[in-house]
Amino acid sequence: MKTNEEIRRENARKLRDSTGGNNSFAVLLDREPTQISRVIGKNPTKKIGDDLARHIEKCFSLPEGWLDKEHQTTNVTSTSSAPDVSDTDLEIHMVPVISWVQAGAWTEIGYCEADLSFTERYPCPVPCGPMTYILRVIGDSMSDEYRPGDMIFVDPEVPAMHGDDVIALLIDSGETTFKRLVEDAGQKYLKALNKNWPEQYIKIDGNCSIIGTVVFSGKPRRYRA
């Protein structure tokens, strides 16, 4: 039987991996990377105390005590055991990293047809549906909030609302883009967060299809309703 210390460390490491590593995890917690290494590194020298445990949970918007419990790790590639999309239990789902080209056809081909046998997987620490995937940010259109290489967790089954960061498929070019959905006076737009981006706003007028909502990127964006 695992000790509380082992359970805390195991859960913290899964959360760390979901953010991309020790450095990004440390930034999210507002702690030094050396402090993180001492508690969840390869050869930890300190325990995760109660104060740090509660701080980690708060930073990830997790319930108090979440770090102290074992959580089921679910492989989401099997359609037969896929959870109900309304399920909001905090299970840790292993989510595949896919390409931007794959994302454009993800809801059509689905995970059941894609060959993910050699795909990286990371745990998503917030509730997500069985078709959730990870993209690595490319380009600077969403800087400074997102940087190239950042991992974003995208759930195609979460309806996008004003203020959500979304993945959209541009119909004319067939390209997949990452922008913020904004609504003004009844009109919807895709907004680049980079104020210096050449085309900061794209008016949505039958020219694109929103194919996924960002639910996590090192910090919670949207929970499933």
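Predicted model: local features only at pLDDT ≥ 70, side-chain atom pairs only at ≥ 80, totals over all residues.

Mentor: Start with the second largest pocket: its lining residues divide into eight nonpolar, four polar and two charged. Here Ala, Val, Leu, Ile, Met, Phe, Trp, Tyr, Cys and Pro count as nonpolar, Asp, Glu, Lys and Arg as charged, and the others, Gly among them, as polar.
Trainee: How much space lies in the second largest pocket?
Mentor: About 220 Å³. Of the 14 residues lining that pocket, S141, T176, T177, F178 and K179 are the closest to its centre.
Trainee: Which strand gives the largest share of the lining?
Mentor: Strand β7 (residues 176-184), with four residues. A strand is a DSSP run of E, at least two residues, and a helix is a run of H or I, at least four; both are numbered from the N terminus.
Trainee: And what counts as a pocket?
Mentor: On a 1 Å grid over the protein atoms alone, it is an open set of points where a 1.4 Å probe fits, with protein on both sides within 12 Å along at least five of seven lines. Lining residues have an atom within 4 Å of a point.
Trainee: New topic. How many salt bridges are there?
Mentor: The structure holds 12. Each is a side-chain nitrogen of Lys or Arg within 4 Å of a carboxyl oxygen of Asp or Glu.
Trainee: What does E10 pair with?
Mentor: K14, with the closest N and O atoms 3.7 Å apart.
Trainee: Is K14 buried or exposed?
Mentor: Buried, at 18% relative accessibility. E10 is partly exposed at 29%. Buried means under 20% relative accessible area, exposed over 50%, partly exposed in between (1.4 Å probe, protein chains only).
Trainee: Where do R54 and D68 sit?
Mentor: First, their side chains meet in a salt bridge, 3.0 Å from N to O. That pair links distant parts of the chain: R54 is in helix α4 (residues 50-59), and D68, 14 residues apart, is in the loop between α4 and β1 (73-75).
Trainee: And R147? Buried or exposed?
Mentor: R147 is exposed, at 55%. Its side chain meets D150 in a salt bridge of 4.0 Å, N to O.

Conventions: Residues numbered from 1 in each chain as written. Heavy atoms only, no water. Points joined across faces, edges and corners; volume = space filled by probe spheres on them.
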